[in-house]
Amino acid sequence: MSALAEEFGTPLFVYDADILEGMFRELRGVLPATTDVFYSLKANPNISVCAVLNSVGAGAEVSSYAELVTALRAGVAPEDIIFLGPGKDERELTACIESGIHAIVCESLDELDLLDALLATTGRDEFPVLLRVNPAFGSKGSGLAMGGKPRQFGIDEAELRDSKQRLAALRHVRLKGVHAYMGTRFLNHEDVIHNTRQILATAEDLAGHLGFPLETVDFGGGLGIAYFDNEEDLDLVALGAGMTDVLSSFSARNPNCRTIMELGRFLTAMAGIYVVRVRYVKDSMGETFVVADGGTNHHMAAVGVGSFVKRNFPIRHLEDRGDEELRPHTVTGPLCTPNDVVAKKVQLPEVRPGDLLAVERSGAYGPTASPGLFLSHGFPAEVLVHGGRAHLVRERDSTEDLLAKQHLVDLRAAAG
């Protein structure tokens with residue numbers, strides 16, 4: 001790792017293609033062959049990460065125009081792409097139509113009307129749509145619930161049931177299925193199986209009630225990764241057995257229905273590390289602080305967003321000096337905010353200026369969910385190790401990059 005740090009500089013995200021492929025294949029191996037696995041680009045939108053996962057069979061779930069373009073350029077076939085999100089604009093809807101993706105996931109009745117009117121101007125007879133339903137039931141076991149309560153996502157199940165006449169009036173939208181996403185960071189396989197069973201039953205019932213053919217059901221996923229102490233990774237064997245039972249039964253009743261499981265964090269988190277170099281080590285009122293060259297401006301997830309209690313991601317000292325006594329260190333970044341704490345009182349051997357530290361399980365929600373422009377440090381470089389070689393897959397922001405899109409007003413001329 002020190003060679004990569006020397007070649008590409010720090011802070012640095014490093015992704016391992018073998019682990020990306022391995023996570024996909026491990027999950028693929030326990031699910032029924034009739035169920036497709038789609039990669040959710042929001043977890044890590046790097047085009048090379050997307051390409052690696054697509055190369056082993058992953059489709060793509062995208063939620064912005066840029067993500068759609070990324071997936072297509074990474075080689076994902078349009079028929080293996082779905083587009084969702086509660087606030088799509090006409091540009092995004094038009095791009096979906098022109099690209100011929102598998103389906104647009106509509107999240108409001110007004111969006112259905114907008115899409116129907118837009119299609120009328122394109123000359124297309126129809127375009128496939130999944131209805132994102134906010135089910136009446138709540139999720140079990142989620143670190144962040146996304147359904148079963150008031151949310152900006154999807155259409156409440158009760159509202160859908162009362163909208164049969166409005167849906168029937170659509171002339172160009174072709175309803176072909178249902179999407180539901182109940183939450184994220186599930187670590188208990190029984191909760192995932194339970195939620196999937198509930199979603200599939202709801203999809204069958206809604207299709208029958210509203211009178212459209214059930215051709216696709218995206219039942220979400222939200223599989224978690226154990227980041228913190230006292231957490232355990234999912235039992236994939238048990239998950240596969242339970243999901244096979246549920247999905248096989250559903251497919252027997254609906255032999256022409258495509259089922260999709262969408263995943264982001266689960267596929268990418270284990271494959272990435274965030275490498276920082278220590279600048280200073282100092283004591284303050286009995287606590288040892290390690291000040292590194294990168295922090296939460298690149299890895300906001302490590303600060304514990306969404307958690308009431310700050311917990312540490314696994315962090316590793318990359319300098320091998322033999323057996324040394326572990327003692328608590330608080331690892332921070334270079335930002336002028338007390339919130340820039342990467343790890344609080346984490347047990348590490350002696351840390352010295354110039355040492356390298358790695359925050360593990362960092363392949364998901366790193367740069368994509370971080371305030372990279374805070375203090376104008378910019379975003380770090382990203383490297384993909386593939387076939388034994390390191391490839392630069394995102395250049396580090398330079399000062400000129402950060403200033404290139406800004407415009408200096410001539411204040412004297414403006415005042416004149």
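Let me start with Asp233, which at 37% relative accessibility counts as partly exposed, and please keep in mind throughout that this is a predicted model. Asp233 forms a salt bridge with Arg361, and the closest N and O atoms of that pair are 3.2 Å apart. The two residues link distant parts of the chain, 128 residues apart, since Arg361 sits in the loop between β18 and β19, while Asp233 sits in the loop between β11 and α10.

Helix α10, residues 236–253, packs with helix α2, residues 17–30, at an angle of about 40°, with the axes 8 Å apart, and that angle makes α2 oblique to α10. From α2, Glu26, Leu27 and Val30 meet Leu236, Leu239, Gly240 and Thr244 of α10, and by class this contact has 4 nonpolar, 2 polar and 1 charged residues.

Coming back to salt bridges, the structure holds 22 of them, and one is between Arg258 and Asp36, whose closest N and O atoms are 2.6 Å apart. Because Arg258 lies in strand β12 and Asp36 in strand β2, the pair ties together parts that are 222 residues apart in sequence. Arg258 is buried, at a relative accessible area of 17%, whereas Asp36, at 24%, counts as partly exposed. Both residues also belong, together with Asp80, to a network of salt bridges.

My last pair is Glu382 and Arg394, whose side chains meet in a salt bridge at 4.0 Å, N to O. Glu382 lies in strand β19 and Arg394 in strand β20, so this pair ties together parts 12 residues apart in sequence. Here Glu382 is buried, with a relative accessible area of 6%, while Arg394 is partly exposed, at 28%.

Terms used. Residues numbered from 1 in each chain as written. Predicted model: local features only at pLDDT ≥ 70, side-chain atom pairs only at ≥ 80, totals over all residues. Heavy atoms only, no water. Axes fitted to C-alpha atoms, helices over the stretch in contact; angles between N-to-C directions. Helix = DSSP H or I, 4+ residues; strand = E, 2+ residues; numbered from the N terminus. Parallel < 35°, antiparallel > 145°, perpendicular 65-115°, else oblique. Contact = heavy atoms within 4.5 Å. Nonpolar A, V, L, I, M, F, W, Y, C, P; charged D, E, K, R; others polar. Buried < 20%, exposed > 50% of the residue type's maximum accessible area, 1.4 Å probe, protein only.
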